Amino acid sequence: MDVYSFMCAALLCTVVVHGKPTLRKDRVLHDPELGRQAHEDNKSFQYDHEAFLGKEEARTFDQLTPEESKDRLGKIVDRIDGDADGYISTAELKAWIKRVQKRYVYENVAKVWTDYDLNKDNKISWDEYKQATYGYYLSNPEEFEEATDQFSFKKMLPRDERRFKRADLDGDLAADREEFTSFLHPEEFEHMRDTVVLETLEDIDKNGDGHVDEDEYIADMFAHEDGGPEPDWIKTEREQFSDFRDLNKDGKMDQDEIRHWIMPQDYDHAQAEARHLVYESDQDKDQMLTKEEILENWNMFVGSQATNYGEDLTKNHDEL
């Protein structure tokens with residue numbers, strides 16, 4: 001990808017991320033690819049498959065025959081059973097789900113690494129990242145003069161530099177894989193959480209007073225395009241703001257309150273999914289799963305549509 005194409009793609013991504021939505025936006029941080037949503041009642045088990053396998057691998061399993069799916073599921077079960085006692089506990093299942101979701105983050109970084117590591121020294125310096133991402137803008141600023149402030153590279157550049165320096169733990173302005181992962185996925189790293197909170201505040205705080213008031217909170221989720229009445233869910237969100245977001249009841253959210261909102265400590269998605277899988281598959285109700293119980297309920301864990309699988313059966317799916 002040439003620099004200009006890359007910059008256009010970057011701008012498009014910025015518009016997608018920062019554009020004002022007409023539909024509800026969820027800023028609460030979830031495990032990668034694993035959001036807070038109800039389990040499906042139609043027995044398609046898509047949510048369970050993506051939680052247990054990851055989104056990409058779930059698609060792969062959808063191409064396998066039932067027999068192939070069960071065989072691969074058995075191999076996965078052996079890996080989940082860390083103490084090899086023949087039983088899968090909720091804790092082991094939770095650890096597996098967290099591992100699967102974490103894998104998505106590192107695979108994402110691996111896909112883009114070579115786009116930024118320009119000198120191939122297995123590190124990405126701030127100058128390399130700046131050149132790959134902003135080089136065209138820096139060389140041709142006049143082409144971006146008509147861009148609105150919201151989508152302005154001029155604002156994005158210092159924000160990225162601030163985040164890069166926060167991720168650069170040794171201060172050498174060159175990110176190794178772990179540092180670059182925390183730069184691209186700051187929500188996954190404790191030392192980057194303050195940066196996530198600050199960027200959220202900056203995105204929503206339109207009047208620049210360092211706080212998020214109720215109208216800014218609502219405007220981040222919903223835009224009145226036609227001047228019509230607010231949807232019913234907006235009324236609920238206004239009540240949420242008053243009752244649960246504005247903890248000190250001063251009419252606005254500060255950074256601590258924003259952290260409490262987007263990083264809730266009272267819900268563990270992996271734990272909830274692990275408990276769900278155990279509850280649905282635990283035939284003898286001993287709070288543990290055997291391989292037999294999992295294989296008996298294989299459709300919930302991996303499923304299979306047995307469609308278009310001829311080509312995919314030749315691929316190696318044992319990386320899990």
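How many residues does helix 11 have, and how far does helix 11 reach from its first C-alpha to its last? Select residues 232–245: helix 11 has 14 residues and reaches 19 Å, close to the 20 Å expected at 1.5 Å a residue. That expected span is 1.5 Å times one less than the number of residues. Helices (H or I, at least four residues) and strands (E, at least two) are DSSP runs, numbered from the N terminus.

A word on the ground rules: this is a predicted model, in which local features need pLDDT of at least 70 and side-chain atom pairs count only at pLDDT 80 or more, while totals for chains, interfaces and linings use all residues. Residues are numbered from 1 along each chain as its sequence is written, and side-chain values use heavy atoms, with hydrogens and water left out.

**Stop 1: around helix 11**

Stay on helix 11 and show the side chains of Ile234, Glu237, Phe241 and Arg245, its buried residues. Buried means under 20% relative accessible area, exposed over 50%, and partly exposed in between, with a 1.4 Å probe and protein chains only. Next, colour what covers them: the cover includes strand 3 (212–213), helix 10 (214–221), strand 4 (252–253) and helix 12 (255–262). Contact here means heavy atoms within 4.5 Å.

Now pick arginine 238. Its side chain meets that of glutamate 214 in a salt bridge (2.8 Å, N to O). This pair links distant parts of the chain, with arginine 238 in helix 11 and glutamate 214 in helix 10, 24 residues apart. A salt bridge is a side-chain nitrogen of Lys or Arg within 4 Å of a carboxyl oxygen of Asp or Glu. Is arginine 238 buried or partly exposed? At 21% relative accessibility, it counts as partly exposed, and so does glutamate 230 at 30%.

**Stop 2**

The structure holds 19 salt bridges. For one of them, select lysine 94 and aspartate 268, whose side chains meet at 3.2 Å, N to O. Lysine 94 lies in helix 5 (residues 90–116) and aspartate 268 in the loop between helix 12 and helix 13 (269–281), so the pair ties together parts that are 174 residues apart in sequence.

Then select Arg159, Arg162, Arg163, Glu199, Glu202 and Asp203, which salt bridges with shared partners join into one network.

**Stop 3: the rings**

Rings of Phe, Tyr and Trp (its six-membered ring) pair if their centres lie within 6.5 Å; planes under 30 degrees apart count as stacked, over 60 as edge-to-face and the rest as tilted. By this rule the count comes to 16 aromatic pairs. Why is the pair of tyrosine 134 and phenylalanine 153 edge-to-face? Their ring centres are 5.9 Å apart and their planes are at 85°, so the pair falls in that class. Tyrosine 134 counts as buried at 0% relative accessibility, and phenylalanine 153 counts as buried at 2%.

For a cluster linked by ring pairs, select Trp113, Tyr116, Trp126, Tyr129, Phe164, Phe180 and Phe183.

Finish with phenylalanine 189 and lysine 102: the charged end of the lysine sits over the ring, 4.9 Å from its centre. The rule asks for NZ of Lys or CZ of Arg within 6 Å of the ring centre and within 35 degrees of the ring normal.
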